[in-house]
Amino acid sequence: MRRRLSLLLDWLALALVALLVLTTAPTAVRRSAIRLSYALRVAGEDSLTMRARRFGASYIGAVEAIRRTLGPDEPYCLVEGGNPQSGAAFWVRYELAPRPAIYAGTLAEPAGRERLLQLLRADQAAPWHVVVAPGPGAPPALFERASFLHELEQLQPSARPRAQSSGPGGRSIDVR
């Protein structure tokens with residue numbers, strides 16, 4: 001009796017495993033086929049095309065313009081223009097490597113703007129350029145330190161910051 005029960009449980013377990021495989025296999029095969037076809041489509045792309053596909057052409061254009069403006073060893077101040085949790089400053093820093101970055105804080109909160117003003121005013125040896133990373137998907141902007149300081153000083157503590165870019169394309173960016 002015990003042997004029959006054991007055999008019956010073995011067959012039941014085998015049937016359940018077979019049912020699991022039959023119900024999940026089509027989805028797994030379809031997802032694998034989609035991912036493989038995508039990998040074949042983008043195979044052989046150069047890094048510029050791949051980055052433009054991932055971040056957008058305007059982002060890559062802005063990064064390339066900033067790279068041409070900054071020398072390979074020229075330091076710059078990096079400012080988080082959006083939500084510090086987004087990590088946009090890290091991506092911009094990665095894109096501008098090997099240029100040394102000095103993280104100068106965030107514009108999202110009044111205390112961060114005040115700290116940034118103090119840093120840029122006090123240290124005359126601070127880098128000549130400031131790069132603002134506004135947030136995911138938005139292109140970074142390059143400012144000369146003096147024009148960035150002027151724009152930052154114009155902000156009221158309660159106002160939400162908006163800056164005119166003197167950088168690539170001369171566009172206006174929202175650095176909230």
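Mentor: Buried means under 20% relative accessible area, exposed means over 50%, and partly exposed is in between. Keep in mind that this model is predicted.

Trainee: Why is Glu-45 called partly exposed?

Mentor: Its relative accessibility is 30%. That value falls between the 20% and 50% cut-offs, so Glu-45 counts as partly exposed.

Trainee: What makes Glu-45 and Arg-53 a salt bridge?

Mentor: The rule asks for a side-chain nitrogen of Lys or Arg within 4 Å of a carboxyl oxygen of Asp or Glu. Here the N to O distance is 2.8 Å, so the pair meets the rule. Arg-53 is partly exposed, at 39%.

Trainee: How many salt bridges does the rule give?

Mentor: Three. Arg-51 pairs with Glu-64 at 3.1 Å, N to O. Arg-51 sits in helix H2 and Glu-64 in helix H3, 13 residues apart. Glu-95 also bridges to Arg-51, at 2.9 Å. Glu-95 lies in helix H4, so this pair ties together parts 44 residues apart in sequence. Shared partners join Arg-51, Glu-64 and Glu-95 into one network.

Trainee: Why does Arg-51 count as buried?

Mentor: Its relative accessibility is 16%. That is under 20%, so Arg-51 is buried. Glu-64, at 23%, counts as partly exposed.

Definitions and conventions: Residues are numbered from 1 along each chain as its sequence is written. This is a predicted model: local features need pLDDT of at least 70, side-chain atom pairs count only at pLDDT 80 or more; totals for chains, interfaces and linings use all residues. Side-chain values use heavy atoms; hydrogens and water are left out. Buried means under 20% relative accessible area, exposed over 50%, partly exposed in between (1.4 Å probe, protein chains only). Helices (H or I, at least four residues) and strands (E, at least two) are DSSP runs, numbered from the N terminus.
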